[in-house]
Amino acid sequence: MIKSEINEIKSLFDSIQDQSIQRLAGCYVNGEKQKVKTFNESFYNLPEEEMHKYLEIFRKTLSGTPGKALLDMRFEDQSADDSSVGKGLLKKMLRSELEDETALETFFDKVIDTYNYVGNYLILLIFQSYDVPGITSDGIELEDGSEEVYSYILCSICPMKLTKPGLGFDDDLAEIHTLKQVFAVELPETGFLYPAFNDRSTDDTEILYSNKKADMLQDIFLEKLLGVPTDIPAKQQKEGFTEFVSDVLGDEADFDTVMSIQENMKETMQDIKTEAAGGAVYFDKGTVRDVFERSGVSEDRLERFDRKFDNQFDTEQKLFADNVAPTRSLEVRNKNMVLRVNSKHTDIIESRVIDGKKCLVIEVTDDLTVNGIPVE
């Protein structure tokens, strides 16, 4: 899903006046992985104050950068024959509009079995039908009815933390007493949207997975419950790609070659992003190899590239561009120095040999400061 499609669904949680969430179900799980409380009710019956709190959770579930915190994931098994797991279970809950208690209990049990979390947490599910309005080619929303009804379920898994101990005023006794500690619901760390809303239409071949900890995916939860393969977490993908580039270049990893690779990756990402119209940008093997070739990497090293890529990454795997390309700044570091350069202006730094020494030369401009002090 591209950012505009995610924002369109996210906007459904902006106001309680126009709210069309039909159903809310949930399960409170304690630190011993036991069900403390389950519930299933009409969202319309909730007090307005509670509605606002829930809507904040649902908005947060769909917040974040596509490709990092929000990941498109495709079901491995598209048959949906097994209604106790994966796509089959999600489809069963969707069709019942969250009114099938057996399916809900199965889902809650599967989450408890597969979700890796130490402590108390709350599982929330909502069902909603959205009349998708038509849009003109210049982005104007049509007023004469919808083109499709998009029905979906959104899952949010929220940590529950004990409130801080302290003193408070008791209105009934008109006295200061120690406040009772309770488990408070925090904003979600994990969730998903099913089915996906691709091209502003229902796509039940995928889910949109929400994960706030970019360096840690819920592998078992994704594979055993949802039935989707796991991608490499952002931090591991970045570290793995850095190691890959270093290994491929070997003694060809001079400053100019590495800078050229960084520049070409940034340009390639911008070109793809323009074509993708706001969608997440990914690099496949061919794209990365083309970057290396345009950066002047030798034929011998390109052959090493082919072998190394196939060994380190899945042949069909695509790397999220923001994880491997410099989007905001370029960092040059040694044990005595850290230099960060805006990725839009890396041309201000170059390598030269001065008095027989290899040096980095940086253009000095009129706005130069040292610890915030302007210098001539």
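Which residues touch the most other members of the largest nonpolar core? Select Leu-90, Phe-107 and Ile-207: in this predicted model, these three hold that spot among the core's 36 residues. Helix α4 gives the most to this core, with six residues.

Stay with Leu-90 for a moment and show its neighbors. Leaving out residues up to four places away in sequence, Leu-90 touches Phe-75, Phe-107, Ile-153, Phe-192, Tyr-194, Ile-207 and Leu-226. So you'll find both Phe-107 and Ile-207 in that list, in keeping with the way nonpolar side chains tend to be buried together in soluble globular proteins.

Next, select 101-114, which is α4. The helix has 14 residues and reaches 20 Å from first C-alpha to last, close to the 20 Å expected at 1.5 Å a residue. Color its buried positions: Ala-103, Leu-104, Phe-107, Phe-108, Val-111, Ile-112 and Thr-114. Then step back to Asp-100, the cap on the N-terminal end of α4. One of its side-chain oxygens lies 3.1 Å from the backbone nitrogen of Thr-102.

For another core, pick Phe-43, Leu-46, Leu-55 and Phe-58; they are among the 33 residues of a second, separate one.

Last stop: helix α9, residues 299-312, where you'll find Asp-306. Arg-289 is 17 residues from Asp-306 in sequence, and their C-alphas sit 8.1 Å apart.

Terms used
Residues are numbered from 1 along each chain as its sequence is written. This is a predicted model: local features need pLDDT of at least 70, side-chain atom pairs count only at pLDDT 80 or more; totals for chains, interfaces and linings use all residues. Side-chain values use heavy atoms; hydrogens and water are left out. Helices (H or I, at least four residues) and strands (E, at least two) are DSSP runs, numbered from the N terminus. The expected span of a helix is 1.5 Å times one less than its number of residues. Buried means under 20% relative accessible area, exposed over 50%, partly exposed in between (1.4 Å probe, protein chains only). A polar contact is a pair of N or O atoms within 3.5 Å; within protein, one must be able to donate a hydrogen and the other to accept it, and residues adjacent in sequence count only if both atoms are side-chain atoms. A nonpolar core is a set of buried Ala, Val, Leu, Ile, Met, Phe, Trp, Tyr and Cys residues joined through side-chain atoms within 4.5 Å. Contact means heavy atoms within 4.5 Å.
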